[in-house]
Amino acid sequence: MSATPGGADTTSAGVRMGFGPGSVVQELGWDEDVDDDLRVQIEDTIDGDMVDGDYGNVVDAVVLWWRDQDGDLVDALVDSLTDLAAGGVIWLLTPKVGRPNAVDAADVTEAAPVAGLAVTTTTGVSKDWTATRLAAPKTPNR
């Protein structure tokens, strides 16, 4: 982790999200309000472009941009699982509290288990967007 003299974390959001060179990241929910600087950080970290919903192959992670007015979150999360590799994660990006179209955290915590996912962490990744890491819950070996 690197820090500026003022103590601010300057580590790329892509690195903090667990991406690395060669990671295949699918981006869903893109619209003109997304944070382009965050997108560039992710693409610089994976050393390539994110793929879209038409990719049709297995991906390591999904970045899902989601706003309060986008519809049914459970449906979107289930759709996000379509190309996701076993052990892959979904990063749900939502506008921060107080921003237009912010998503209530309770909506995320209610939708995740219905979609078969668990909320593992939530962190600020840019000035206007929060990232929530969703993964399939670990199941005990039988």
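Q: Why is the contact between D70 and R67 called a salt bridge?
A: A salt bridge is a side-chain nitrogen of Lys or Arg within 4 Å of a carboxyl oxygen of Asp or Glu. In this predicted model, the closest N and O atoms of D70 and R67 are 2.8 Å apart, so the pair meets the definition. Local features here need pLDDT of at least 70 and side-chain atom pairs count only at pLDDT 80 or more, whereas totals for chains, interfaces and linings use all residues. Residues are numbered from 1 along each chain as its sequence is written, and side-chain values use heavy atoms, with hydrogens and water left out.

Q: What makes R67 buried or exposed?
A: Buried means under 20% relative accessible area, exposed over 50%, and partly exposed in between (1.4 Å probe, protein chains only). R67 has a relative accessible area of 6% and is therefore buried.

Q: Why does the contact between D128 and K127 count as a salt bridge?
A: The N to O distance between these side chains is 3.8 Å, which lies within the limit, and therefore the term applies. K127 is exposed, because its relative accessible area is 62%, while D128 is partly exposed at 28%. Elsewhere, salt bridges that share partners join D33, R67 and D70 into one network. The whole structure holds 5 salt bridges.

Q: How do you know that R39 and E27 form a salt bridge, and which parts of the chain does the pair link?
A: The bridge links distant parts of the chain: R39 belongs to helix α2 and E27 to strand β1 (residues 25–28), 12 residues apart. Both R39 and E27 are buried. Helices (H or I, at least four residues) and strands (E, at least two) are DSSP runs, numbered from the N terminus.

Q: Why are the buried residues of helix α2 placed on the same side?
A: In α2 (residues 36–46), the buried residues are L38, R39, I42, E43, T45 and I46. They cover an arc of only 160° around the axis, which puts them on the same side of α2. The arc is that of the directions from the helix axis to the C-beta atoms. D37 and D44 are exposed on the face turned away from the buried side.

Q: What makes the buried residues of α4 lie on the same side?
A: V108, A111 and A112 are buried in α4. Their arc around the axis is only 105°, and therefore they are on the same side of α4. The opposite face, turned away from the buried side, carries the exposed residues E110, P113 and V114.

Q: Why is D107 called partly exposed?
A: D107, found in helix α4 (residues 105–114), has a relative accessibility of 34% and so counts as partly exposed.

Q: How do you know whether W91 is buried or exposed?
A: W91, in strand β3 (residues 84–95), has a relative accessible area of 2% and is therefore buried. The C-alpha atoms of W91 and W65 are separated by 8.4 Å, although these residues are 26 residues apart along the chain.

Q: What is the secondary structure of the protein?
A: The protein has 4 helices and 5 strands, in the pattern α-β-α-β-α-β-α-β-β along the sequence.
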